[in-house]
Every structure is written in structure tokens, then in C-alpha cells.
Amino acid sequence: MPSEYDIIIIGAGIVGSLTARFLSRYDLDILLIEKESDVCAGATGGNSALIHGGYDAVPGSLKAETNVRGNAMWDQLSAELQFPFDRRGTYVVAIGEEEFPRLAELHQRGEESGVPVETISGAEMRRREPRINPETSGALYCPSGGICDPWAATIAAAENAVQNGVALRLQTQFRDFIWADETKREQIVGIQTTQGDFYARWVVNAAGLYADEVMHRAGVRPEFTITPRRGEYYVLDRADVEINNVLFPVPTEISKGILVTATTHGNPLVGPNAQEIDDKRNVDVTPAGMAEIWQGAQKLIPSLTRRNIVAVFAGLRPGGNAPCLGCDVEYNKDFIIEIPTEVHGLVNLGGIESPGLTAAPAIAERVVELLRSAGEELTVKSTWNPIRPARPVFRHLSPQEQATLVAADPRYGRVICRCENVTEGEIVAAIHAPIPAVTYDAIKRRTWLGTGRCLGAFDTPRVIEILARELGKDPLEISKKNGGSEFLTRKTKEVRHA
Amino acid sequence: MRKQLKSNYEVVVIGSGPGGLAAAIAAKKAGADDVLIIERDLELGGILLQCIHNGFGMEIFGEDLPGPSYAQHYINAVQALGIETLLDTMVLDITRDRRIYATGARSGYLDLQAAAIVLAMGCRERTRAQIQLPGPRPAGVYTAGTAQRWVNVEGYMPGERFVILGSGDIGMIMARRITFEGGKVERVLEILPYLSGLNRNYVQCLQDFDIPLQLRHTVKRIIGNDRVEAIEIAQVDEHWNYIAGSEELIPADTLLLSVGLIPENELSKQAGVQLDPLTAGPIVTDGFQTNVPGIFAAGNVVHVYDLVDWVTKAGLVAGRHAAQYAQQLTHQVGERKYVPTASGKNVRYVVPHQVAPESLTEDTITLQLRVTHPLEEPVRVLVHDGENLITRKLKRYARPGEMLEIPLRGRDYDAVRKAQELRVSVVPKG
Ligand SMILES: Cc1cc2nc3c(=O)[nH]c(=O)nc-3n(C[C@H](O)[C@H](O)[C@H](O)COP(=O)(O)OP(=O)(O)OC[C@H]3O[C@@H](n4cnc5c(N)ncnc54)[C@H](O)[C@@H]3O)c2cc1C
Ligand SMILES: Cc1cc2nc3c(=O)[nH]c(=O)nc-3n(C[C@H](O)[C@H](O)[C@H](O)COP(=O)(O)OP(=O)(O)OC[C@H]3O[C@@H](n4cnc5c(N)ncnc54)[C@H](O)[C@@H]3O)c2cc1C
């Protein structure tokens, strides 16, 4: 008898992971599948990490609605799942007198959407952010905006789901639907994957960039396509550059512009640009892109120098062409959150680009509501535990707490990542967590090691050693992200190509 | 078994490379009783432990030693002198008033007070982000030093077909090492029109093994999502723009970066130590004292050296001054009169930044400098105060990859004492 579930969720980004976590509250058998070797390997793994206030979404759109609702959910979420979130507000900064009037427009749009905003003077902005361009003429402050750690949020959500009984299968790629009747293709009863067939009464499409391909397999919305829009970033060294806030430039017609922002892990972030590309795997950083974001960053913080750069990366926005249904604007960049009528057994999500991170808890909540309204009986499990206890993070502790932790477990005394001060204890804990971290990148997402100024040059050999030891593997088998990305090729003194 | 540590030391040295070892030895010999070395690695010796090639010690021992042998000489001395060492222990923080917070799996969490500190944390390698290499982020892009550790210390090969970016010493040495181990080095690329490492390494590591070096070339794009599959290279013009049509695709599974070293000064910054933007190391006096009284610095943490012998010598000076500070609390910056040094013609930087003429009554002061570009002809190294020539020295040539030295001696005392500034320049002998 093949595996049977009530619900299968495709994709373990923030949306799929939170959906799994919200649904794990009910008496349901749930399977979460992910094609990569870890959760959070898609859009959620490379973005600006902002919890947007929602003043700039088109009023009446699903984006606006889930943004505002999602924003309000992050305090409780971060308290229960114990990941970094900081509601420190966001700013749109006007440089020079000519940009100042634009703030009034944004201010008004904020008020119309019911998002609290406040216009402050240039002098006040300079006081709050001393390194800001001295030509700053004013700023729009949105106190409900914030920053989070998207890696930690997704991992925590998925871990909490697993703790509450959700089955997670990594390296399991959706290929096609299984139908009750292959000729009629009306009722979905399961999916085919690279790891075999799985059956379920419901399938949730949370496949991010690939959501279009998944829904097309069900014959749903053949006109809907996702075009990846790449955004490139620089990470700056917090030892050189102190940034306290989230700083946007005044937006243009086409983009929110290049922002400079504080992050929950400390190293400021600069980016993103926006470039449509045709390859969903292309996360290259490019000379043109880097030049563009550098110029943008210098507009806000002219004193930045290239010496401050510690890392570069790119992420892909899963931008779709779904028309806006609920509002009177002709707007075709809205989210899809629906149970399509042409087939049975599919909850369909699509086009979850920015502010998808912010909106994710609200999207997950809607999925639950959609299922309920489709007649699904949702009984709360008495055993459900909404708390995912965080593991110790050495660098966030006070000296006294550090001393206590080291005394209790000496492995927390051995620093493995010299830039971010990540200890062996944290690495070992990640390897043996509810979702075991078995690759270098998985450990990086859970501990932030290798993200600092030496980019892992110091820690990589040591992490490989720890992974091999803890997993009972040979160092030659340890990889960066999955099979095919092993770090080492052979022992020295071995004859090559024997 | 862990021995009981004291909570107060006269001199604490952070790092046990040649700079730190020498500083500890000199401090002890200068009369400091309680000297402690804190090292995050499992053994003493610093980066030398992975440098199993020859090329160390020609200046001091007149012998061409492998790195570990060179280090062992000083490790023996440290042990003979009864200097305390703490291994597997990382310094997390130091304060202006010389408190030290450290942690280690065996030593636990530590909170120490030092009368004087010598910073000897060495340097780290520049990464692909700092030179902004385009492309995705697959496995197979490593710094040359990380590869060196894998091959020489751990016994693993990080790849089979290599492109090496940068003609720094570590990269050239690794090119040879990889060849010995049966790997293939397809190319060494250098964006500058000249070599950035030592010429002897070019001859011994590349030429002798027929490994092609291409000047004015760089990586245009890394290719491969999981593991490096190929490296697209290109020629550049004098503004480092790619020259269209010069692109070439080299199949390779590994890209090694040897694109410069940066002094490791995060701890120094935490203690309020002021850095020189040119060297990325502390601004120091001739006794290697920083602007923070009682905090000294030695070795690659001050500026990147190419020869270990000079690191040892600098460490000896720093250690001696640290001991004197700890014992008498003299030598505070500001108490002595200092004369600033300055970079003159063709000189990129000079270390130390300030010289106390009084020091010349005790010892020679060595000014260390690097030129801005190669001067492939006999040159004079000159030290001037305005129009007044204080001292000079002849060299056969001057190259950015090879540090130059010029000593100030006892006989220069009067001239230095009267000087407003010690401007060092390097000019063709003409
Ligand atoms: C540059 C950039 C900046 C952004 N900034 C912000 C911001 O500041 N604030 C904000 O709110 N939002 C932001 N976003 C948007 C936000 O990142 C996304 O909306 C959000 O992460 C989408 O989450 P997701 O779970 O839908 O998608 P993803 O994270 O992409 O998850 C989808 C998952 O499905 C998996 N998958 C795909 N196909 C299959 C298959 N066939 N079988 C199995 N698994 C599959 C993928 O591997 C992936 O892990 C930004 C996005 C980008 C790219
Ligand atoms: C790869 C390489 C190859 C070289 N080849 C040659 C050669 O062939 N010939 C030659 O003459 N010279 C060579 N050199 C140059 C010379 O060896 C170095 O300049 C010299 O070793 C630097 O000594 P150091 O003491 O300043 O630093 P290092 O030897 O780097 O020592 C610094 C020490 O400090 C420790 N440390 C750092 N931070 C902390 C902390 N927070 N807490 C505790 N400990 C800490 C480190 O673990 C390390 O052991 C080479 C250098 C390198 C990097």
C-alpha cells in the first residue's frame, strides 16, 4: 500500500513551511516535499529580509491584504518559533529638496491603506542614521516595518511542523499529479516524485519559482507564467559600517530602488536591483548588477567604500502575471491564493514575490481557511505544541551566559567561525536538530557561519571535519549543498584516474 | 588536565605565529615574569605549520628551512623559558584597559587582565567577494591558504584541474604543490602587469613546472552551479576593463584565489586601536605600540610581510617594548616625543608610523616600506627631513611584492631628534 496523506505540500520555502506548521495544528497526516537538500533553498534563501509595513501595495489586491495581515502576525510567530525578528520600522529617504515632495504622495498612500506612517525632517533622519547622505531632506517613517532572519524563520517553521508530526522529505522533486481517473483528470489523488509516488486528498502548490509548472501539470491557469526577476546584493562588514535602520530611496516608477538595511545578524545589506532573466537557476552576480547596486547604495550612504564588502549574492523573485481580482486597478502582478474550480484536490499558490516573506503567515492562514471552506474538517490536536525552542547562539549571549554555557558543554567554547563566532556546540546541535543539517550550506543557514568577512575560508575545513565525524562519513562525501557539490576530490598521494 | 591560570599577566600575546612567539620570548627575556600566549589553533606556530615548503629563515639562520622547522626553533625557546601557553583558545574581545575575554573547549571561558598586550593575530586572505568575482556560488572556489591547509595538513585534494587567480606567493606555492600531488594547474592569472609575489617563487614554482602565468588577465565569470565546471578568463586594459574578444573558457573544477592578505584587526578595533587605511594594520611607533597605551602589535597584523624573518624581528622589538611597558608603565604615546614617518616618491607605505629618537640610544630602528610599482633598475632608498638627507641605501631593484628596509642607527640620533618628519622615498640611482 503506498503512503497516504491527507495533505501534501510542494516546496519548503517560507510559504510551504509555514503552511505545514499551521496545518500541523490539526489532526491531519501531512507530507512536505522539497526538491533541494534543505529547506529555504529558493527565493526565501536570498532576499532583503524585510517585514514590510504594506503602505506601497496596490489597495484591494491580495498582496496588500496579506501584507498587512501577515505583518501583524510576525510578533507572535517569532515568539513561538523563537527566531530573530525586530520591528524597528522602515524609512523612505528623500535626498535633496527635489525628492522631498514625493514623500507626501507615499504618505497619503500609506494613510489610504491604513498603514501608520510619519514624515520626519532631514535633521531627524540624520540623527537617527548618522552615516546617511548629508543632503537628506526628509524621510517617511513606517513604524510597523521590521527585519527578520528568513533562514531562521523558515527552518523554525519547518522544524515545528516536523515536531508536530509533519513528514518532511528533502531531495524529493514533484514531477506530476496522479489522478483518480487519468482520462478525466478531475480529481487529484497524489503526486509522482523523484522518490516515488505519494497519495493524498489535497496537494498544496507552494513551489515558488516553479509554481507555474506545477499548476500547468494540473491543467490550471495555462496562461500564468513566472518570470524570474533577479536581485543582487552586497553584504557589508559591520565592523566598518554601522547601519541602524532600514533605508529605502524614494521609489521610481519601476522599482523600490536599492536599499541599505540593518539585518538581524548584524552585517548590513545593500541591494537589490531587478533584472528579468529566463533561467530559473541563474543566481549569478554580474558586473553590471554589482555596479548598479553600488551606485544605489552610495546615494543613501556616500561614505561606503568597496573595502567594506564581505559578500555578494543574488536571489530570484518568483514574479508572476496573475491579474488583480479584487481591486479596480488593472494590475497584473498579484498573488494567486485559490482552490481552482476546474480540478479537485489542489490548493494553488503562485506569483508569491515580494512582499511574500511578510505575507507568508497570512497566506498560510488563508490556505487553512480555504481548506475549511472546502469542507475539510479541521480538528485541533491536543498534542499540538506551537513552541519551537531555539538552540543557543553563542554570540548573542552575555559574557556570563557564555561562561555558563561553556561550563555546561565545552563544545560551546570552541569557536569554529572566527568572523561570526560560531562554536562547535552550535554546529553539532544543528547537525542533530529535528531537521538534520547535513551539508555546509545547511549549517550556514542555521548558524550564520561562513557569512562573515573571511567567507568561510577559516571554518570550511573544520566544518567538513565535524560533519564527517558526526555523520560517520568520509570527508570526501561532505558537500556544500548536495550531491555534486563535494568540497574535496581525493586523498593526497592517491593516484588519480587509476 | 588543565592547569590553573592566573587572572593577571604582565604580557599577554594573542597568536602564536612567528610574530607572537618572538614577542613572547623577547618579553620574557626583557624581564616580564608572567607571559602568556593565547592561540586558537591546537598547536603553536601559526600559519607556518601549513607552509611545508622551504624558504624560511635565510635572513636569520642563513638556512633554507621549511615553515614548521622554522617555527619549532622558537617553540623550543618558548618552552625552555617557561612561557605559559593556552591552545585551542580564541580571544573574543579585548578592551582599552587590556582586559581579555577568551574561550576554548579545554580552557573554558576566560577573563584575564594584562599589563601589556601584544596583538599577533596574523592576517586573513581576501575572498571572491572582495574582488567581486561574477557568477554563481558553487563548491570549488577556495582561497589558496584554505587549499594549502587541506593538502599539507589534512591530506586532501580540493580538486583536480585548477585555475589560480592572483600571483601572490601562496598561490604560486600551491601551484607547485598541486602539481606534485598529480593535480593540473591550467593557468595562473594576474590582473596587474607585474607579479605580486616574490620572483623566486615565480621561478621555482611556475617556470620550473611549465605552469603558464598570464599577466593583465583575470576571471570574467565562474561557471557551474554545484561545483565549478569552467572558468571564463579575459584580458584587461589598464583600467581593469575586460578586453572584448580576449575571453577564453578553461575547463576546471577548482578556482584558487591568491589575491592578497588583510591584517586581522577585528580585536584591535574593539579595543579602540587606530588603523592605517593603507596597511589595514595599526598605526604603530618604533616599539610597535599602538595608539592605545599598553597595546602592541607584531607581524602580519601590522602589515603583510613576505619574509618570515622580518616578522620575527618585529616580534622581538614589540615584545621587548611590551615588557618594558608592563614593568614600568613608561613609553606611553605622548610622553615621548615622536617624529612621524611619511611616504615619499614611489613609496606606498612606511612602518612604523612614528619614531622616538630616544629609541636610537638603545637600538637600531628599521623602517619597513613597500613601493607603489616595480622599479627594475638600481635604486636608492632615501630618508629625508625636508631637504635634509638623513640616511640612504642602495638596492638592485624595488618591487611591490618585496618589502624594503632601511635602518636608522645611533649615528642618526641628532638628525632624527631635530626632524619634523622622516620622509622615505625610492628613486632610480640614475
Ligand atoms: C531579491 C528579492 C528580495 C525580496 N525582498 C523581500 C522582502 O524584503 N520582504 C518580503 O516580504 N519579501 C521579499 N521577497 C519575496 C520573498 O522572498 C518571496 O516572496 C518568498 O520567499 C516566497 O516564498 P515561497 O515559499 O513561496 O518560495 P520559495 O522560497 O522559492 O520556496 C519554494 C520552494 O519550492 C521548491 N520547489 C520548487 N519546485 C519544486 C518541485 N517540483 N518539487 C519539490 N519542491 C519544489 C523550491 O526548491 C523552493 O524551496 C524578495 C524576493 C527576492 C528574490
Ligand atoms: C600561506 C603563506 C605562505 C608563506 N610562505 C612564506 C615563505 O615561503 N617564506 C617566508 O619567509 N615567508 C612566508 N610567508 C610569510 C610568513 O610566514 C608570515 O608572514 C608569517 O608567518 C606571519 O606571522 P604572524 O605571526 O604575523 O602570523 P601567523 O603565522 O598568521 O600567526 C597568527 C596566529 O594568531 C592566531 N590567532 C589569530 N586570531 C586569534 C584570536 N582571536 N585568538 C587566538 N589566536 C588567534 C592564529 O591562529 C595564528 O596562529 C607565508 C605566509 C603565508 C600566509
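This is a predicted model: local features need pLDDT of at least 70, side-chain atom pairs count only at pLDDT 80 or more; totals for chains, interfaces and linings use all residues.
1. **Overall build.** Chain A carries 12 helices and 23 strands. Its radius of gyration is 23 Å, close to the 23 Å that the globule rule gives for 498 residues, so chain A is as compact as a globular protein of that length. Along the principal axes, the C-alpha atoms of chain A fill a box of roughly 70 × 65 × 50 Å.

2. **Interior and contacts.** Of the 498 residues in chain A, 60% are buried. If we take the contacts in chain A between residues at least 6 apart in sequence, 71% of them join residues at least 24 apart.

3. **Surface and charge.** The accessible surface of chain A is about 19300 Å², and carbon and sulfur atoms account for 49% of it. On the charge side, chain A has 53 positive and 65 negative side chains, with the centres of the two sets 6 Å apart.

4. The search of the whole structure gives 60 salt bridges over all chains. One worth a look joins Arg366(A) to Glu65(A), at 2.6 Å from N to O. This pair links distant parts of the chain, with Arg366(A) in helix H8 (residues 356-373) and Glu65(A) in helix H2 (residues 62-81), 301 residues apart. Both partners are partly exposed: the relative accessible area is 28% for Arg366(A) and 44% for Glu65(A).

5. Where does Lys480(A) find its partner Asp441(A)? Lys480(A) sits in the loop between helix H12 (459-471) and strand E23 (490-491), while Asp441(A) belongs to helix H11 (residues 440-447), 39 residues apart. The closest N and O atoms of this salt bridge are 3.2 Å apart. Lys480(A) is buried because its relative accessible area, 12%, falls under the 20% cut-off. Asp441(A) counts as buried too, at 9%.

6. **A bridge between chains.** Do please turn to Arg453(A) and Glu266(B), whose side chains meet in a salt bridge of 3.4 Å, N to O. The pair crosses from the loop between H11 and H12 of chain A to helix H6 (residues 266-270) of chain B. Arg453(A) is buried, with a relative accessible area of 8%, and Glu266(B) is buried at 15%.

7. **A network to check.** Which residues are linked in a network of salt bridges? From chain A come Arg414(A), Glu424(A), Arg469(A) and Glu470(A), and they are joined by Asp88(B) and Arg106(B) from chain B.

How values were computed
Residues are numbered from 1 along each chain as its sequence is written. Chains are lettered from A and ligands numbered from 1 in the order in which they are written. Side-chain values use heavy atoms; hydrogens and water are left out. Helices (H or I, at least four residues) and strands (E, at least two) are DSSP runs, numbered from the N terminus. The radius of gyration is taken over C-alpha atoms; the globule rule is 2.2 Å times the number of residues to the power 0.38. Buried means under 20% relative accessible area, exposed over 50%, partly exposed in between (1.4 Å probe, protein chains only). Contact means heavy atoms within 4.5 Å. Accessible areas come from the Shrake-Rupley method with a 1.4 Å probe; for residues, only the protein chains shown count as cover. Lys and Arg count as positive and Asp and Glu as negative; His and the chain ends are not counted. The place of a charge is taken as NZ of Lys, CZ of Arg, CG of Asp or CD of Glu. A salt bridge is a side-chain nitrogen of Lys or Arg within 4 Å of a carboxyl oxygen of Asp or Glu.
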